[in-house]
Amino acid sequence: MKNYKLIWFGIFCCLQPLILFAQRGETIRKAFLDPKSDQVLVVAHRGNWRSAPENSVAAIDSAIQMGVDIVEIDIHKTKDGQLILMHDDRVDRTTNGKGLIKDYTLAEIKKLKLKDKDGNLTEHIVPTLEEALLAGKGQIMFNLDKAYSVFDEVYAVLEKTGTASLVIMKGGQPVETVKSEFGDYLDKVIYIPVIGLDGKDGEKKVRDYMTQLHPAAFELVYSDSSSSLPRKVKSIILGKSRIWYNTLWASLAGGHEDDQALKDPDGNYGYLIEELGARILQTDRPGFMLDYLRKKGLHD
């Protein structure tokens, strides 16, 4: 009997980390939906593409292992109507193939090899949306880009994989358009608006969304570093919804971006967090950003 107890204890000890890891997705979702939390969530743009090809299962796995909260992935449809991960509408840049995705069947896409960040061929292949979702199920949230126009088909995959609750959709449409076109899904997936603050109607769009939909987060975009609107919008949103900024390149967040953050993280990441209320940051350097946030006590 003692031996059996030891065996079961050993099995429990081995499985416990896996169980906790599998629950991490729900923990992230809970944090995402908490607008008062000071913890900053990290979004890996196209997965951790510095260690594996962008939009690959390996890039998603790498992001999970380093502790990223959300991976952004891009959706395209093949000639035979299958949903795959790829940013461009052509296969040339990221694979050893040539031509438009819409001219390839899934079987043909699967024969291609993905390139790494330096353009070198790898053994990795293009994943379907289903394969990608299953690879990260329970461990991470997904932001689906380029999916709005095919969301009926996307949602069928979400239902099949049981991942709808961990998916984030974004769009730049006015609130009335979203309610009309996307209304059937607003209680099934998280939808957040993308609001450009360089125009005159940025503040109005934010107030319209707060009044009519009260989204869990807003993605804010501005290029003019002298603009006062980001601070004004912060006072409207902070504590009620999360604020999301992209640090991928300078025009998305008033010049505060990843490459500059390598030299001055406080003046870039820190500025967006402290001055503009960012509680979600999308990055091309997830490892560097996570190290910074952990040192500041802003990430687990």
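Me: Why is α5 called oblique to α6?

Reply: The axes of α5 (residues 129-136) and α6 come within 10 Å and cross at roughly 40°, where axes are lines fitted to C-alpha atoms, for helices over the stretch in contact, and angles run from 0 to 180 degrees between N-to-C directions. Therefore α5 is oblique to α6, since angles under 35 degrees count as roughly parallel, over 145 as roughly antiparallel, 65 to 115 as roughly perpendicular, and the rest as oblique. Both helices are DSSP runs numbered from the N terminus (H or I, at least four residues; strands are E, at least two).

Me: Which residues of α5 and α6 meet?

Reply: Leu-129, Glu-130, Leu-133 and Leu-134 of α5 meet Val-154, Val-157, Leu-158, Lys-160 and Thr-161 of α6, a contact being heavy atoms within 4.5 Å.

Me: Why does Phe-182 count as buried?

Reply: The relative accessibility of Phe-182 is 2%, so Phe-182 counts as buried (buried is under 20% relative accessible area, exposed over 50%, partly exposed in between, with a 1.4 Å probe and protein chains only). Phe-182 sits in the loop between α7 and β6 (190-196), and, leaving aside neighbours within four places in sequence, it is in contact with Tyr-148, Phe-151, Met-169, Thr-177, Val-189 and Tyr-191. Along the sequence Phe-182 and Tyr-148 are 34 residues apart, yet their C-alpha atoms are 8.5 Å apart in space.

Me: Is Val-175 buried or exposed?

Reply: Val-175, in helix α7 (residues 175-181), has a relative accessible area of 3% and is therefore buried. Setting aside neighbours within four places in sequence, Val-175 is in contact with Asp-208, Tyr-209, Gln-212 and Leu-213.

Me: Why is His-214 called partly exposed?

Reply: Its relative accessibility is 42%, so His-214 counts as partly exposed. His-214 lies in the loop between α8 and β7, and has a positive phi of about 45° although it is not a glycine. Asn-55, likewise not a glycine, has a positive phi of about 60°, but with a relative accessible area of 2% Asn-55 is buried.

Me: What makes a set of residues a nonpolar core?

Reply: The members must be buried Ala, Val, Leu, Ile, Met, Phe, Trp, Tyr or Cys residues joined through side-chain atoms within 4.5 Å. The largest such core has 63 residues, of which Leu-129, Leu-144, Leu-158, Met-169, Leu-220 and Tyr-245 touch the most other members. Helix α6 (residues 151-161) gives the largest share of this core, five residues. Another core, of 13 residues including Met-141 and Leu-166, lies apart from it.

Me: How many residues score at least 70 in pLDDT, as a percentage?

Reply: The share is 93%, and the chain averages a pLDDT of 94, on the predictor's confidence scale from 0 to 100 for each residue. Over residues 12-21, however, the pLDDT is below 50. Where pLDDT is low, the predicted coordinates should not be read in detail.

Methods: Residues are numbered from 1 along each chain as its sequence is written. This is a predicted model: local features need pLDDT of at least 70, side-chain atom pairs count only at pLDDT 80 or more; totals for chains, interfaces and linings use all residues. Side-chain values use heavy atoms; hydrogens and water are left out.
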